[in-house]
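Subject: The model, and what turned up at its interfaces

Hi,

Here is the structure I promised to pass on. Have a look at it first, and my notes follow below.

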Amino acid sequence: MAVATDPLLSVKDIVVDFKTRYGIARVLDHVTLDVNSGEILGIVGESGCGKSMTALSIMGLVPDPPGKVTSGSIKIGGMELVGMQLDSLRQIRGKDIGMIFQEPMTSLNPVFTVGEQIAESVRLHENASPKAAMDRAVEMLKAVDIPEAERRARAYPHQLSGGMRQRVMIAMALACRPKVLIADEPTTALDATVQAQIFDLLQDLQEETGTAIILITHDMGAIAELADAVAVMYAGRVVEKGTVDAVLSAPQHPYTKGLITCVPHLEPDPPVERHELMEIPGVVPALTELGKGCAFAPRCGEATEKCSVEEPQLLATGDKHLTACWVAQQERAQ
Amino acid sequence: MGLWSTVAERVGYGLLLLVAVLILNFALISIAPGDIADTIAGDMGGADASVIEEIRTRYGLDQPFYVQLWRYLSRVVQFDLGYSYFYNTPVTTLILEKLPATLLLVFSAQILAVITGTLLGVLAAKKPNGAVSLTVTFLSLFGFAAPVFWTGILLIILFVSIFPLFPVAGMMDVTVEGGFFVKTLDVLHHLVLPMITLASIFLALYSRLARASMLEVLGADYVRTARAKGVPERGVLYKHALRNALGPVVTVAGLQFSAVISGAVVVEAVFSWPGLGTLALQSILARDTPTIMGILFFSSVVVIIFNILTDITLRFIDPRIKSG
Ligand SMILES: Nc1ncnc2c1ncn2[C@@H]1O[C@H](COP(=O)(O)OP(=O)(O)OP(=O)(O)O)[C@@H](O)[C@H]1O
Ligand code: SF4
Ligand SMILES: [Mg+2]
């Protein structure tokens, strides 16, 4: 990896709180991530660990109320996004950062043609004429391998399959050539063969455009294949992060170890079979009930007394490798 | 299914419905005690039994029910709705003369109610706990609870004695001289108060509906997508969300047309608006059966036409609607 310059996107100590009936839920707890240009950062973790919320906080789309970004900083190209005026923020959304959502079936507006929806983004950010914007839309549809792009541009979302709709979402997110693309579980709702196609498409587009990608997924195989760096999240925290090579070949957090049932072979050929996250016994504690200590302690096989008293910080446990675990940090120190 | 085949299907159903309405009307009127013969006899200042019998034979009233019904239906098909003895005019002529005034009132009130109701609903949905939202809830409760004639009379009092801006009776001022443009303006000027009164009842319904529909749509994934690509909040509300929220409002507005027409009867009476409602009241008081049946027939035709128009509008709003 290149020598670390200033990261393109830097998320620092982001805290997101939600007001719920049962009290304040700390949905993100000091999440820190860096994305360098041209890099693919994978984010993995169980359902509810805050992956989508991390993405939404970068977009400034945390539903408020009941949620709120309480503290922290998010910078893109040195520009601070937290607390930015909505009017300036919306010029960054879609232009500098594009986002693909988890649900292709409902993420497109049913009453506009897909061409119009892609073109709208171009018109908003590039002062393009309607004709030029529509031409770009068709061009983008071709870029995401949609056959008969001119005709499909005039189709409504309900006339397309789920895989097609996700391609349209990708085309829309990339239409203004953003610096960062956030793909929030872009394949969860699709069947296996389509999943592989979408991942291949993302990889190709990334190589062509050099867009940095934050890839949120449950699919460890996809991470091994596509990502340069990976962050593992648990209960609203980043518990381990580092280069894919380091984290996948030598996971240090007990939670990450549990996630990786078998280390994917990092062969040049992409493995055909994809490894789903292994079931880890126990459940994620309710976010309103988290006390002091390590959030993973109730489910951890390696927990010590200290674990339930004091919360471990995310510290270096190897080269380009950080882990928030007392035991891992101790091993490193020895 | 294409647009035209949908329209053809709707027109077909509409015609069937019309026949049903005609049969029902005819049956209802025949059940009611007394007939034209009694009315005519009454108008003549009383007549003896043989004269009444003669009138009955002349108008076919002595025939069995189905024969009378068949004759009536075949006359209606030729746009012959009979003759009004009260007004001494063919019923069709009588109705066509009054129909435009009612259509103008009903249509303008409906449009006013749908547009302002929707806008209020959108504003309310923008801040579901804000002041506008509360005002909408309050106003719609108020508008819903207040009887039409009460709203009308209140407006009359307000505009007669406090702000004499709008005429409170009739449809035009005979003293106004001028060309078509001036006359049109005069009619519109007279239209304001009856239109507002009639719209006020339905405004309540539409604004609550639009509010609920908008609140639901604003939580949809595609609204988040719109925000994520940088659409300004105005565009999110009025383009992405509203276009989707409009469906239920238009559907209900279409179903409400018959209610608006019934409301117009009262409003016309309050503001002496020379439309079908006023005609209907007079003919009921005069027991002018052919005219009453003619009005019922025409109102059904109008309601059916509006329903077809609603269906077509819905297809333009939501491309997912193919038929049904
Ligand atoms: N409106 C809300 N009110 C309260 N809590 C919420 C709300 N929305 C999300 N959360 C909480 O925020 C946490 C993080 O949610 P998030 O959607 O980021 O999870 P995720 O990691 O994306 O999961 P998944 O894999 O299921 O998409 C969850 O525990 C969830 O319960
Ligand atoms: S800090 Fe303790 S409880 Fe937490 S993961 Fe490490 S060993 Fe387990
Ligand atoms: Mg998610």
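Let's start inside chain B: domain 1 and domain 2 of chain B bury about 2,300 Å² between them, with carbon and sulfur atoms giving 71% of that. Buried area here is the accessible area (1.4 Å probe) that two parts lose on being put together, summed over both.

Before the rest, some housekeeping. This is a predicted model, where local features need pLDDT of at least 70, side-chain atom pairs count only at pLDDT 80 or more, and totals for chains, interfaces and linings use all residues. Residues are numbered from 1 along each chain as its sequence is written, chains are lettered from A and ligands numbered from 1 in the order in which they are written, and side-chain values use heavy atoms, leaving out hydrogens and water.

**Within chain B**

Domain 1 covers 3-88 and domain 2 covers 92-323; the bounds come from an automatic or database domain assignment. Domain 1 of chain B puts 26 residues into the contact and domain 2 of chain B 27, where contact means heavy atoms within 4.5 Å.

The two domains share 1 salt bridge, a side-chain nitrogen of Lys or Arg within 4 Å of a carboxyl oxygen of Asp or Glu. B:Asp311 and B:Arg10 form a salt bridge through their side chains, at 2.2 Å from N to O. On the domain 1 side that touches domain 2, H1(B) gives the largest share, 13 residues. (Helices are DSSP runs of H or I with at least four residues, strands are E runs of at least two, and both are numbered from the N terminus.) That side of domain 1 divides into 18 nonpolar, 6 polar and 2 charged residues. Nonpolar means Ala, Val, Leu, Ile, Met, Phe, Trp, Tyr, Cys and Pro, charged means Asp, Glu, Lys and Arg, and the others, Gly among them, are polar.

**Between chains B and A**

Here 18 residues of chain B meet 26 residues of chain A in contact. The two chains bury about 2,100 Å², 61% of it on carbon and sulfur atoms. Which residues of chain B lose the most area to chain A? They are B:Arg224, B:Ala228 and B:Lys229, together 28% of what that side buries.

There are 3 salt bridges across this interface, and A:Glu120 and B:Lys239 meet in a salt bridge at 3.2 Å, N to O. Helices H9 (221-228) and H10 (233-255) of chain B each supply at least two residues of the side touching chain A, and H9(B) has the largest share with 6 residues. That side of chain B holds 6 nonpolar, 4 polar and 8 charged residues.

Cheers
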